[in-house]
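Work through the exercises below with the model in view. Each task is followed by a solution in steps.

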Amino acid sequence: MSKRSLLVVDGDSLAHRAYHALPKTIRRAEGKPSNAILGFTNFLLRLWDAEQPRAVVVGWDTLEVPTYRHEAFDAYQSGRVFEDSLLEQLAVMPGLTESLGFTLAKGAGYEADDFLAAAAQKWPEDVLVATSDRDAFQLASERVTILQPTRGVSEISRIGPVEVRERYGVDPEQVPDLIALRGDPSDKLPGARGIGPKKAAELLRQYRTLEDVLAAGRFAAEAEDLRLFRRIAQMDASAPLPPLKHQTPTWAEASSFVRALGLTGLADRLASRA
């Protein structure tokens with residue numbers, strides 16, 4: 001990857017991953033939980049050191065406000081319940097992002113995913129997208145590489161168009177069509193009746209797009225539902241982004257921010273970078 005690359009991070013995805021990968025006994029001031037904050041920050045620092053990007057954007061969900069996806073499909077992401085100890089940490093992390101000097105991307109009605117797509121579209125050079133959400137495979141291209149954490153958050157797989165085809169049997173731009181047809185249990189999208197991942201990929205290799213599948217007379221009774229599922233699965237690159245510019249991390253400010261949280265060891269490590 002070019003040293004002119006942009007690193008785009010799915011904050012919620014990696015914070016959730018860190019929360020479940022690290023012991024919940026990790027605490028900060030006043031006994032508050034800190035495993036997600038610590039794990040997320042450590043992962044971000046490793047990415048910075050490994051990739052040396054020109055700039056970093058971190059996208060966050062706005063959990064208090066429904067998106068058009070929730071409004072269009074009542075069952076979307078239904079049944080998800082986050083523990084208070086995670087929600088409390090998620091509330092802190094956008095401020096941590098800003099203290100590091102990185103671009104904060106967050107807005108009512110948009111998911112972190114949407115900011116990944118917007119940043120990938122707007123940055124003119126190479127883009128690295130760090131997320132554990134495989135929906136982001138739709139962004140893979142010759143210019144955009146997905147960094148997918150494995151083994152908790154300790155290792156990274158690099159996903160480009162070739163790897164998407166190997167894993168899913170379709171091209172990156174077909175991933176939303178694939179999700180619509182096969183469904184997505186984590187988002188409560190049911191997909192087409194009786195269609196699993198292999199059959200969905202086979203149909204898309206034959207017809208190319210969901211619209212072509214429907215035009216061939218398949219799934220007539222489910223057509224509008226499948227179009228809705230595709231719209232839900234498609235990342236919204238029109239999400240409003242702050243201006244993207246080259247950055248120098250503000251390690252000292254970040255050190256002060258986490259020291260105020262009671263994370264002394266992390267604060268010392270950040271201060272040593274200043």
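**Exercise 1. Describe how H11 and H12 are placed and what joins them.**

Step 1. H11 and H12 are roughly antiparallel to each other, a term that applies because the angle is over 145 degrees. This is a predicted model, in which local features need pLDDT of at least 70 and side-chain atom pairs count only at 80 or more, while totals for chains, interfaces and linings use all residues. Residues are numbered from 1 along each chain as its sequence is written, and side-chain values use heavy atoms, without hydrogens and water.

Step 2. The axes of H11 and helix H12 (residues 264-271) cross at roughly 170 degrees and come within 8 Å. Axes are lines fitted to C-alpha atoms, for helices over the stretch in contact, and angles run from 0 to 180 degrees between N-to-C directions. Helices are DSSP runs of H or I with at least four residues, strands are runs of E with at least two, and both are numbered from the N terminus.

Step 3. List the contacts (heavy atoms within 4.5 Å). On the H11 side they include Trp-251 and Val-258, and on the H12 side Leu-266 and Leu-270.

Step 4. Sorted by class, this contact has 7 nonpolar, 2 polar and 2 charged residues. Ala, Val, Leu, Ile, Met, Phe, Trp, Tyr, Cys and Pro count as nonpolar, Asp, Glu, Lys and Arg as charged, and the others, Gly among them, as polar.

**Exercise 2. Find how H4 runs against H11.**

Step 1. Helix H4 (residues 84-99) packs on helix H11 (residues 251-261) at about 155 degrees, the axes being 8 Å apart.

Step 2. H4 is therefore roughly antiparallel to H11.

Step 3. Val-92, Gly-95, Leu-96, Glu-98 and Ser-99 in H4 meet Glu-253, Ala-254, Phe-257, Val-258 and Leu-261 in H11.

Step 4. By class, the residues of this contact are 6 nonpolar, 2 polar and 2 charged.

Note on methods:
Angles under 35 degrees count as roughly parallel, over 145 as roughly antiparallel, 65 to 115 as roughly perpendicular and the rest as oblique.
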